[in-house]
Amino acid sequence: MSEAQHGALQLQVKRIEAVTPEINRYTLCAVDGSWLPAFSGGSHLTVLIPVGEETKRNAYSLMSSPYDTSEYQIAVRRVDDGKRGSVAMHSSVREGDVLLAGIPANLFPVSKHARHHLFIAGGVGITPVFAQLEELSLKGSSFELHLAVRGPEHAALGYELKDRYGDRVTLYGHDGQSRLNTLDILAGRPLGTHAYVCGPTRMIDDVVASAHGLGWSDSNIHFERFDDLGSTGDPFSVTLARSGAVIEVSPEQSLLEAVEEAGHTLPYLCRGGACGECETEVLELEGTIDHRDDWLSESDRCTNKLILPCVSRATCTKLVINA
Amino acid sequence: MLITGIKSRPVYDELTPMASGLNHIAAAQGSGGKPLVRLLTAMTPEQLASTTVLYSTESFTGHNFLSELQQFAVRELRVFPGNADAVGGLDTVLAAAEMGTRLYLAGSEGFIGTSMQVATSYGMHRDEVLREHAGSFVRRVWCAHCGHYSENVAHRVFVCPGCELNLIVRDHYSGRLAAFQGVKADSEVPGELPANEELDT
Ligand code: FES
């Protein structure tokens, strides 16, 4: 398997396809042709994009099959938001180029207990769903997808999924008139249905509000906002007790990524705050920990003796961890 | 209320209406009728009208709350002679239930445990269910040797009706089996049984 150097994978751009007027799909493989680290449906990849002197860290959902780690696929929508990462992906990156990327992490996994999986997506929000549906369809799980697009020229990814899964996929907006109605989609569902929504904030808010209105509990509503992919926040520094190394965590990287970039290793599995594998003891703290994981209990959080470096951050003048 | 050193035993709740739900299903057995009456008293008329009650009159302690339960204007009250029938009835009701349903369970540990197995099989999540223990803490015991389930076990040592071995009841509760485990009591020296004691009922 391809080994990450200082926490980064070296990926060669094998193919670039324009799938809509705004979205390119990139197929990436290991520079040495070896297997890439495995991932599960809903995972994202943080790509280090050189923009002039700077490096942008943009997270993109993996849309290729989780059962084939000979390559990764991501889709990048060109957004002229001034951050320039996606623009650089579109205008400067060419087939054959080598990009650095983090190890896939999953903050949007499918539920293991669902009896039926209901996906609602809009635009480029469809990308994580590609890998999720692949995973569910191979497991033989029950699922359906409702996808809204802005018009026929934006519907290519939707047609691909329709070819694969037939009636289980419903498209809206591809004909210029049909509209997705979240209340209609969510109403009258049997117990054990889980809804996943990925798309613009408006769509997410709409689905969450409709589901709550229908009496759904939060445990059955899952969503991913693109802007909170990865652990981002204010910079801080951390001291590794064993080596005495002081590491700066930048606003766009997680504590785990910063430690890896500095050439140290920490254990990890999910890189999304769910599995507890990266749990590390806090030896000294002057300040507060911003616990962002789903692993620690409320009482563990309060004592501030443990931290999950894959997602959690700190606002502190001093943080020493047992690593 | 149970004070116990048994960590594996479920932690029970107190039944109160879950206002976020649009439909309510409340199932109880024997003494569990009492918390159920308290729950229904706390409900608004709209909540009562969207509530289905299932009640089993089987009871270890002999308490019956059926006449009290009949006073409420619920959508439907289904009465069962035995706990197993009530759990079967719950299965039927949940099969037709939709998202937005909240489940309330009250009664013995065995009844709550087996009902919870049904709820889990329909994918119900812990935050959609409240469970309140009522009555005696007799145990439901699973025999590790023949797989027989014994209801209402009150003593540390008993004879398994399935395989007729002397079983000692261990203090480990399995949520998956909804039962405590019973193992052969005289495996070291046949015929030599440990002191029998009343369980923490
Ligand atoms: S790696 Fe799984 S919780 Fe951090």
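Reader: In what order do the five strands of the open sheet in chain A stand, and is their pairing parallel or antiparallel?

Author: Strands of a sheet pair through backbone hydrogen bonds, either parallel or antiparallel. In this predicted model, the order is β10-β9-β8-β11-β12 in chain A, with parallel pairing (strands are DSSP E runs of at least two residues, helices H or I runs of at least four, numbered from the N terminus; pairing needs at least two DSSP bridges). Because β10 (169-172) and β12 (221-224) of chain A each have a single partner strand, these edge strands leave one side without a neighbour in the sheet. Neighbouring strands are turned by 15 degrees on average, direction ignored, with axes fitted to C-alpha atoms, for helices over the stretch in contact, and angles running from 0 to 180 degrees between N-to-C directions.

Reader: How many bridges join β8 to β11 in chain A?

Author: Six bridges join β8 (residues 116-122) to β11 (residues 193-198) of chain A, and His116(A) has Thr193(A) as its bridge partner in β11(A).

Reader: Which strands does helix α2 of chain A lie across?

Author: Helix α2 (residues 127-139) of chain A lies across β8, β9 (143-148), β11 and β12, at about 160 degrees to β8(A). Helix α3 (residues 156-165) of chain A touches β9 and β10 (contact: heavy atoms within 4.5 Å), making about 155 degrees with β10(A).

Reader: How many residues does each chain bring to the contact between chain B and chain A?

Author: Chain B and chain A bring 16 residues each.

Author: Residues are numbered from 1 along each chain as written, with chains lettered from A and ligands numbered from 1 in written order. Local features need pLDDT of at least 70, side-chain atom pairs 80 or more, while totals for chains, interfaces and linings use all residues, and side-chain values use heavy atoms, without hydrogens and water.
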